[in-house]
Amino acid sequence: MWDRRDFLSSLMVGALPALSWNSAKDDLFAGIPEKLPDKSLYETNEEVYWSELRRQFLIPRDEVYLNNGTVGSSPAPVLRAVIEGYRNAERLAQSDPEDYPIWGYAAWNEFRDPLAEFVGCKRDEIALVRNATEANSYIANGLDLKAGEEVLMTDQEHPGGEHPWNLKARRYGIVVKKVELPKPVPNAAAVLNLFEDALTPRTRVIFFSHIPTVTGTVLPAKELCSLARSKGILSAVDGAHVPGMMKLNIHEIGCDMYTSSPHKWLQAPKGCGFLYVRDEVIDRLWNTIVTEGWDEPKLRAERFQRIGSSNVPVLCGLKASIELANEIGMDRIEKRHRQMADYILQEMTKRGVTSWTSPDPALRCGISTVSVAPNKMPEMEYWMWKEKKIRIRGGAPHKVRLSTPYYLLHQDIDRYLAAYDEYRLAHPSA
Ligand SMILES: Cc1ncc(COP(=O)(O)O)c(C=O)c1O
């Protein structure tokens, strides 16, 4: 049996390495340029411009990261803002003795304003939450639906989008119905027809991912929301992948609710997300997490972000990630995403894979998905990482999802393609 002294000394031994800080060794930003590349470089040589920007990211230079769709990587300007946020918060030096560096009780307009502008809505329609899963849960949990009433979604929803509705179905008897999306989706009309055909007099909500995680298809969000509106049905869109991947204007889409995880394509810190609720719909949504303010309608969407004490420095990072995207320019970022995705898809198609990515350029952006049968997942995914330091996203039995964020270079994609050729040669019949 351990006595108290053994226990304490074990804590000391265990704790020391984590508590010690070698500032020279741990300089997070060693070798990272203090400034972003000059924008004029883009005009003279785009690839050099992006390769200079790549230097702002901590992902080691000898790794190729093709899985930004699962999680992005916050670059130096974002990390610096987070660290600065901690520096301010942890000094507890607020001039107002009632002001503490916690959130969950405040408007945080300094973060909501730039976010609202970036995604095209009003500040009062946005709540800062932790991620898309949390925001989707707020929607499913917060709407009044009766047993037998239906929610219509696709068969390609992320668990963080689908399961909040499954829980509601188990608990309250609502019905979850799904349309099966073709792989690939040939055009927008095919999706609209599927949804329209599946509507019934009991459909109350259409829920879908703007960009489903399974294939990366960009679904015709505006048309789907307009279909819902024309039938008096609420529309809720899971936009986890959208901000930072492509230009977004929520008001133009015309949805009732929109959720996201900007830690993916906006390269924001992990643990910051948002919930948008159209002004006219705010009063129909109950709070899920509740503290003072839940019953004050004049707070508008702010009441959904009142969750108790939380982490302000990540919001400083969120703001910096918006500034970074604006500084580079969303036009350029989206163009780069499309170019890189088209390149990888073309090259994979030449190699005989089956594309699950839409042939319609309007229905694809920074994610390409292919089936590499007979090669198997996750075997190839593990081989890529272990042997080649390349991260892809596999899906059994044969799917590969390839994310091509702007900070990837053509040479990175060529390295992946060479590795794929080598794997295919070594595993002709898998
Ligand atoms: C479409 C979609 N929705 C929701 C999520 C969940 O994101 P988070 O874990 O940040 O809540 C993901 C993550 O991959 C996703 O792709």
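Accessible areas come from the Shrake-Rupley method with a 1.4 Å probe. In this predicted model, the protein exposes about 20100 Å², and carbon and sulfur atoms supply 53% of that area. Buried residues make up 51% of the 430 residues in the protein.

**Overall form**
- The protein contains 14 helices and 13 strands.
- The C-alpha trace spans about 65 × 65 × 60 Å along the principal axes of the protein.
- The radius of gyration of the protein is 23 Å, which agrees with the value near 22 Å for a compact globule, because that is what 430 residues would give.

**Contacts and charges**
- Of the contacts between residues at least 6 apart in sequence, 72% join residues at least 24 apart.

**Helix 12**
- Helix 12 covers residues 330-350, a run of 21 residues.
- From its first C-alpha to its last, helix 12 reaches 30 Å, close to the 30 Å expected at 1.5 Å a residue.
- The buried residues of helix 12 include Met330, Ile333, Met340, Ala341, Ile344, Leu345 and Met348.
- Also among the buried residues of helix 12 are Arg332, Glu334, Arg336, His337 and Glu347.
- After helix 12 comes Gly352, which has a positive phi near 90°.

Conventions
Residues are numbered from 1 along each chain as its sequence is written. This is a predicted model: local features need pLDDT of at least 70, side-chain atom pairs count only at pLDDT 80 or more; totals for chains, interfaces and linings use all residues. Side-chain values use heavy atoms; hydrogens and water are left out. Helices (H or I, at least four residues) and strands (E, at least two) are DSSP runs, numbered from the N terminus. The expected span of a helix is 1.5 Å times one less than its number of residues. Buried means under 20% relative accessible area, exposed over 50%, partly exposed in between (1.4 Å probe, protein chains only). The radius of gyration is taken over C-alpha atoms; the globule rule is 2.2 Å times the number of residues to the power 0.38. Contact means heavy atoms within 4.5 Å.
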